[in-house]
Amino acid sequence: MAGKAKSRKKKGRTLFGMISARALMLCAALLLGASYLSIWFNPAKAWFLTIFGLLLAPFALLNFCLLVWALLRRSRAFVIPLLALLPAAFLLKYYYQGGETEVQDEGDGIRIVSYNVGRFQSPARRLGIDGQKECADSVFARLRSLDADIICLQEYYSADPSRVGQQLSRVFPGYYIEYYVYPDSKGCYGNVTLSRYPFKSKDKIDFDKSSNLAIICDCRVGGENLRIYNCHFQSYSISLPYIATTIKGDYKEAVRYTGGKLRRSITLRPQQVDRVMESIEGSPVASIVAGDFNDTPASYTYHRLLKDRKDSFVEAGHGFGATYSIFRPFLRIDYVLFPQEYAAVSHEVLDWRYSDHYPIMTTIKDKT
């Protein structure tokens, strides 16, 4: 009798374990499925899906671990994470590029750099750099060393709004300059586009209820007209120190603050993207779209802007393409998207620690 009782208990524990394991796999699969949906749904209509899209890589990793665990236990439930991971196989190329990097002749290619300089603030202190001016000088020196043809900067900062043009002309001789900055109590900040090619025309797109923007510059490159969009789309603007301080005393306030910031950013960004796309679709000139999108490849933002364009990392990158230092290597939010008639010769994420972003550098060539 005692043996039968023990057997029933063991079977009960086994049954409970099987049910629990399958429930965990189903939950993980559903979370990953919600991440896929974030690509196709406009966040203005279902803003919460974007949060799942941001977590696609960790959810995919969770499902992969569950798949390995199920296979090791020879459980037929391995089918659940396996099916969940199938779409991820097609999205992997947007996060990671394997194989050896093929060295190609850049020749008469166009070298493009995009970098959110983060107003020349915080992380640089770890490099022994103290102060925004010292950080800015270091960034300028390294940018000059790249000898890029086009440089797109976001969150550029200057203490004196009236001297931005003079400063840029001094530190970037030989470049044509276009910028737009918003003044604040400590100076000004905004976007800057630098080009070796003269500008034929210039414009900007102001975004409603936001200090983010896009600068538009038309250039004549190799006998062809080319339009450059230097974009900085809505950021989350979440203060981690504020959350850490608030959550100790009032976690509800911390949740309200975080949720409000997320929702505002997620609902504003698609409106900004649509404004840029309206400009692109109304232009007869081929367009390069570069900058800080504040969204991953598993997003409406990315796939909307990718229309009729190529991604320099997908075409010529190597390894992980993450451009944001927090949660590296999962967050790739800075891009250079270019016209179909061009080919990417190279793409590199530069390991600079002057900002919470890493700069990206790519070279593209006209295939014709």
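Is Ala344 buried or exposed? Ala344 counts as buried, at 11% relative accessibility. The model is predicted: local features need pLDDT of at least 70, side-chain atom pairs count only at pLDDT 80 or more, and totals for chains, interfaces and linings use all residues. Residues are numbered from 1 along each chain as its sequence is written, and side-chain values use heavy atoms, with hydrogens and water left out.

**Figure 1. Overview of the predicted protein.** The secondary structure comes to 10 helices and 14 strands. Helices (H or I, at least four residues) and strands (E, at least two) are DSSP runs, numbered from the N terminus. Of the 368 residues, 50% count as buried. Buried means under 20% relative accessible area, exposed means over 50%, and partly exposed lies in between (1.4 Å probe, protein chains only). Among contacts between residues at least 6 apart in sequence, 69% join residues at least 24 apart; contact means heavy atoms within 4.5 Å.

Figure 2. Strand β13 covers residues 342–349 and holds Ala344. Leaving aside neighbours within four places in sequence, Ala344 is in contact with Ser312, Glu315, Ala316, Phe338, Thr363 and Ile364. The C-alpha atoms of Ala344 and Ile364 are separated by 4.3 Å, although the two residues are 20 residues apart along the chain.

**Figure 3. Helix α3 and its buried residues.** Helix α3 has 17 residues (residues 56–72), and at 1.5 Å a residue it should span 24 Å; the end C-alpha atoms are 24 Å apart, which agrees. The expected span is 1.5 Å times one less than the number of residues in the helix. Leu56, Ala57, Phe59, Ala60, Asn63, Leu66, Leu67 and Ala70 of α3 are buried. An α-helix has 3.6 residues a turn, so residues three or four places apart point the same way.

**Figure 4. Crossing of helices α3 and α4.** The axes of α3 and α4 (residues 79–91) come within 9 Å and cross at roughly 135°. Axes are lines fitted to C-alpha atoms, for helices over the stretch in contact, and angles run from 0 to 180 degrees between N-to-C directions. The helices α3 and α4 are therefore oblique to each other. Angles under 35 degrees count as roughly parallel, over 145 as roughly antiparallel, 65 to 115 as roughly perpendicular and the rest as oblique. On the α3 side, Leu56, Ala60, Asn63, Phe64, Leu66 and Leu67 meet Pro81, Leu82, Ala84, Leu85 and Leu91 of α4. The residues of this contact divide into 10 nonpolar, 1 polar and no charged. Ala, Val, Leu, Ile, Met, Phe, Trp, Tyr, Cys and Pro count as nonpolar, Asp, Glu, Lys and Arg as charged, and the others, Gly among them, as polar.

Figure 5. Arg74 follows α3 and is found in the loop between α3 and α4. Its phi is near 55°, a positive value in a residue other than glycine. Arg74 is exposed, with a relative accessible area of 77%. Phe120 is found in the loop between β2 (110–116) and α5 (132–146), and the phi of Phe120 is near 60°, also positive in a residue other than glycine. At 2% relative accessibility, Phe120 counts as buried.

**Figure 6. Gln272 in helix α8.** Helix α8 (residues 251–281) contains Gln272, which counts as buried at 3% relative accessibility. Not counting residues up to four places away in sequence, Gln272 touches Phe207, Ser210, Phe233 and Gln234.
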